[in-house]
Amino acid sequence: MTVPASDPKSVTGKPLAIAESVDVLVVGAGPAGLEAAISAAARGFGVLLVDENPVPFKTMGDDVPLHFGQGMAASARNRNTMMEAFVASEPRIVEAFEAGVDLRLGTACWGLYANGPALGWMPGLVAGLAGEDSCILVQARHVIFACGRRDMGLGFPGWEKPGVMGATAALNLATRYDAFGPRKAVILGSNTEALTTALALREAGITIAAIIEQAAKPIGDADLLAKLSAGGTEILAGHVVREATGRDGVEAVLIARLDEEGRPVGEERAIACDGIVLAVGATPVVDLIDAAGCKVAFQTERGGYAPVLNGSQRTSIGNVYAVGDCAGIWAAKTRDRAIAEAEAARAVAALGEDAADTAAAAAAPPAPDYDISAYRLAWVRASVIEARAEFHVCQCEEVTAREILEVRPPRYLDWQNERRNDRSLSALLGEGPPNPDQVKRLTRAGMGPCQGRRCREQVAALLALGAAQPLSAIPLAGYRAPVRPMPLAMAALVPEAPEQAEHWDTWFGMHAQWVPFWEVPARYTVATNDATGRVASE
Amino acid sequence: MSEIKGASVVIVGGGVTGLSAGWWLAQGGVDVLVLEKGLIGWEASGRNGGGCSHHHSPLFAEEQRLWPLMDELLGYPTEFRPERIRLASSEHQMALYGRALRNAARQGFDSEVLDLKQAKEMVPLAGDTVVGGYHYKFGGHANPHRTLQGYAWAMQDHGGRVLQHTTVTGFRTEGGRVTAVETDRGEVGCDSLVLAAGPQTGRLSAMLGQEVPVQSARCEMIVTEPLPLMPLGGVDGCGLYGRQTLRGNLAYGGGPHEWLALTEEGTPAKPTTPLMLHIGKRLAQLLPKAAHARIIRSWAGVIENTPDGRPVIDRLASQANVVVATLSSVGFGLSPASGRAIRDLVVDGACGFADISTFSLARFAELEPNWRELQGWQVTAATEALAA
């Protein structure tokens with residue numbers, strides 16, 4: 001019996017343009033990524049290590065990959081200087097070169113595609129990489145994600161002004177590039193991540209005017225707090241930002257005291273500063289991990305949504321690992337890079353081992369000494385919900401907190417004919433916890449070019465508050481490739497197989513589907529169907 | 001677990017077809033309940049190009065009549081905008097796309113043939129990569145997410161109900177009729193049943209003794225950052241379908257699909273692929289002045305097709321009170337009309353506004369049992385995770 005040919009319009013038999021194949025791809029050249037790359041090379045694997053940093057000045061201006069908030073000094077425009085500074089600030093980069101690692105800086109990984117039941121087309125693990133003027137597909141036998149951390153955004157009136165930025169962005173600009181714009185900053189948040197950021201910025205010559213904490217007492221390490229106080233930093237617990245003022249950028253922050261219900265009360269006070277650093281919640285960068293299909297879950301002890309890992313740092317997808325901050329953030333790990341490096345070593349030790357042999361459960365990190373869900377929700381309640389004026393929580397699509405909570409159609413529709421009166425989230429969305437992706441589709445919050453980097457955690461917190469649920473009940477707003485914005489012209493750099501171009505059709509390429517109804521035969525069989533009829537679907 | 005109150009009509013599937021049917025029924029005073037295993041509109045209904053121009057379909061005339069009225073009828077915004085432009089990058093494509101003009105003309109709708117100069121005038125982002133195109137003075141495009149939610153809210157405004165996160169596990173039948181739907185949250189009584197469960201329609205109808213033949217596949221789309229609005233957003237062609245949204249994003253899809261095995265449990269995985277790059281390349285060909293625009297997302301949807309790609313909207317012969325409906329991968333734009341047709345079949349026994357005999361199940365009476373294999377709709381086997 002002859003086997004019928006496969007559907008020529010399907011992916012079957014359409015090869016991908018794989019530019020390179022490697023044993024191990026490591027994404028991210030921080031402490032964990034470097035350790036993974038160097039030790040994998042020592043084990044004899046061919047290793048490709050990519051890091052998107054330093055990203056071009058314009059990309060920083062778009063708040064990719066971190067919330068830079070236009071806080072870059074002019075020197076950040078000089079790409080060579082930035083590259084040199086990046087290499088000089090991390091001695092192990094040179095060590096990686098010497099170990100034979102193929103290290104490519106300024107190269108982002110924008111997607112990972114894994115063969116599986118829902119994706120038979122992929123030959124295995126296929127990663128998409130992009131430099132400033134290049135875009136290629138690379139096949140890897142193993143992938144180790146070491147994508148680092150980013151910061152939860154936190155809005156208040158004026159938070160779109162230049163000078164409001166995430167702690168991780170501030171830290172990178174100040175300590176790796178010496179390209180931090182502001183000279184005098186206030187820090188929002190008092191956990192270990194916030195306090196270590198404050199101290200590092202101070203060491204880099206920046207005046208830390210104050211630590212603002214909404215909780216009644218600072219929550220971080222007493223020694224770190226004492227150091228900051230001794231250096232002249234005001235510790236203002238039980239306070240919240242009311243507004244960032246200034247003409248072209250931040251010139252001062254207005255703060256107010258919170259009452260026992262967490263409502264701002266009393267007289268406001270202005271603190272002069274040209275930088276406001278958001279350090280209320282460091283969170284693992286899971287964009288690539290989630291987009292690839294690895295299982296992620298809200299894990300309080302790992303700082304929020306983080307990949308589900310076994311004892312070898314292996315994700316739910318075979319041969320894909322996560323190490324360093326993207327695998328989870330906790331106070332001790334923030335203070336000691338050896339913890340991230342040990343994770344990398346465990347992953348490298350498991351390379352090539354059968355998954356079943358390395359199936360030991362991951363050791364749980366120490367439980368945080370504060371409830372990160374309640375803490376982050378309290379910040380959003382005090383700063384966003386209790387804000388004295390409406391502002392855009394989603395800056396790209398200009399969506400306010402009220403519009404998110406009331407699931408309003410976007411303002412450009414100017415929709416007046418509103419029939420529904422009951423605007424509770426549950427009545428609007430049905431049963432179960434509100435889903436940020438559903439709210440995104442209807443309000444556009446998180447749908448803009450920053451790909452939700454600035455508003456994602458805030459939107460989740462708003463929905464949690466609106467539904468009276470903990471943060472862990474709110475599903476993760478899904479990530480999809482490209483996890484870095486990619487110009488169409490750059491996508492076009494990856495060649496297409498001639499077999500695919502020859503059979504490309506707008507839709508399924510089925511002639512019978514488009515036969516006008518007045519010409520449709522009474523019976524359909526494969527034998528009598530004209531499969532070769534003209535298509536180019538409607 | 002509290003008991004779920006039954007309904008006169010239970011609809012399985014909270015996609016665009018099921019919700020439109022629910023809205024049509026509810027506004028006619030029928031007690032209706034939509035059961036959805038996940039979130040409404042989460043599958044293909046919320047993942048398509050939003051086109052509303054299906055001139056080959058017997059529902060075309062009603063589709064065209066209803067779309068301009070939908071904002072008013074639903075009471076919620078659909079973002080519908082009329083008319084479309086289709087650009088061709090070759091004389092071959094120009095000839096193929098001409099079919100729409102002929103089909104529509106036969107049904108009384110106008111189109112205009114555009115030369116290169118006219119095409120560039122009407123489509124500011126176009127360039128010399130096209131040879132010409134068509135301006136269809138019919139059809140249009142809408143926002144699938146908003147429309148979908150509009151159906152659900154409008155149905156609820158008329159007293160209809162939606163139950164999300166409820167999976168159908170079986171049916172109770174009595175004397176050739178379905179009397180209840182069995183779910184993971186208990187039994188739901190019904191006088192009539194509508195199956196509009198997308199890829200699951202085949203499996204569920206087989207449980208009732210008469211299978212609607214379907215096979216699932218994955219298709220993909222991309223979306224760019226917003227660009228200045230073109231005078232007419234419904235522009236596609238060059239092998240792509242899609243539109244510029246009212247916000248200004250370019251949302252387009254096309255190219256090869258992957259046939260998939262049906263997942264019975266939960267919602268299917270919908271991974272995207274590097275096909276994103278090739279859609280992007282073609283979009284830069286269609287609209288070269290947008291080549292700088294950045295792709296900010298891609299997404300995939302799992303869609304079912306019947307063997308001939310045409311819809312099924314019919315009553316089951318095996319159970320007297322069951323209507324089955326699949327729009328076979330082309331459901332969004334036709335939804336205002338398909339919901340009405342389903343309503344007619346449930347309430348009146350036959351569609352009163354169009355001849356939908358080509359949607360009958362009887363056309364498959366002589367279908368080869370191994371039709372999937374014969375058409376080459378094979379599932380590509382997943383390889384084992386590579387051991388080192």
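Helix H1 of chain A covers residues 31-42, and helix H10 of chain A covers residues 337-350. Their axes come within 8 Å and cross at roughly 35 degrees. Axes here are lines fitted to C-alpha atoms, for helices over the stretch in contact, and angles run from 0 to 180 degrees between N-to-C directions. Helices (H or I, at least four residues) and strands (E, at least two) are DSSP runs, numbered from the N terminus.

A word on the source. This is a predicted model, where local features need pLDDT of at least 70, side-chain atom pairs count only at pLDDT 80 or more, and totals for chains, interfaces and linings use all residues. Residues are numbered from 1 along each chain as its sequence is written, with chains lettered from A and ligands numbered from 1 in the order in which they are written.

Back to that helix pair. Which residues of H1(A) meet H10(A)? Pro31(A), Ala32(A), Glu35(A), Ala36(A), Ser39(A) and Ala40(A) do. Across from them, H10(A) brings Arg337(A), Ala340(A), Glu341(A), Glu343(A), Ala344(A), Ala345(A), Ala347(A) and Val348(A). Contact means that C-beta atoms, placed from the backbone, lie within 7 Å. By class, this contact of H1(A) with H10(A) has nine nonpolar, one polar and four charged residues. Ala, Val, Leu, Ile, Met, Phe, Trp, Tyr, Cys and Pro count as nonpolar, Asp, Glu, Lys and Arg as charged, and the others, Gly among them, as polar.

Staying in chain A, look at strand S1, residues 18-27. S1(A) pairs with strand S6(A), residues 135-145, in the parallel sense over eight bridges. Pairing requires at least two bridges found by DSSP between two strands. Val26(A) stands opposite Ile144(A) in S6(A). S1(A) also pairs with S2(A), again in the parallel sense, over four bridges. There, Leu25(A) has Leu48(A) of S2(A) as its bridge partner.

Next, an antiparallel sheet. Three strands of chain A form an open sheet in the order S12-S13-S14. Strands S12 (239-245) and S14 (264-272) of chain A each have a single partner strand, so one side of each is left without a neighbour in the sheet. Neighbouring strands of this sheet are turned by 25 degrees against each other on average, direction ignored. S13(A), residues 252-258, pairs with S14(A) over six bridges, in the antiparallel sense. Ala252(A) stands opposite Ala272(A) in S14(A).

Now the domains. Chain A is divided into domain 1 (18-149 + 283-358), domain 2 (153-280) and domain 3 (391-483). The bounds come from an automatic or database domain assignment. How far apart are the C-alpha centres of domain 2 and domain 3 of chain A? They lie 27 Å apart. Seven residues of domain 2 of chain A are in contact with eight residues of domain 3 of chain A. On the domain 2 side, the classes are four nonpolar, two polar and one charged.

Some backbone points in chain A. Most residues other than glycine have a negative phi, and most peptide bonds are trans. A cis peptide bond joins Asn53(A) and Pro54(A), with omega about -10 degrees. Pro54(A) lies in the loop between strand S2 (47-51) and helix H2 (57-61) of chain A. Another cis peptide bond joins Ala481(A) and Pro482(A), with omega about -5 degrees. Pro482(A) lies in the loop between helix H15 (456-467) and S22 of chain A. Val407(A) has a positive phi, near 50 degrees. Its loop runs between helix H12 (401-405) and helix H13 (425-429) of chain A.

On to the interface. The contact takes 89 residues from chain B and 84 residues from chain A. Elements of chain B that each supply at least two residues include helix H4 (91-106), helix H6 (144-157) and strand S15 (294-305). By class, the chain B side has 43 nonpolar, 31 polar and 15 charged residues. S22(A), residues 486-487, pairs with S15(B) in the antiparallel sense over two bridges. Met486(A) has Ile295(B) as its bridge partner.

Last, chain B itself. The axes of helix H1 of chain B (residues 16-27) and H6(B) come within 8 Å and cross at roughly 30 degrees. That makes H1(B) roughly parallel to H6(B), a term for angles under 35 degrees. This crossing is left-handed. The contact residues divide into nine nonpolar, two polar and no charged. Among them are Trp23(B) of H1(B) and Tyr151(B) of H6(B).

Terms used:
Contact = placed C-beta atoms within 7 Å. Parallel < 35°, antiparallel > 145°, perpendicular 65-115°, else oblique. Left-handed = near helix turned anticlockwise from the far one by under 90°.
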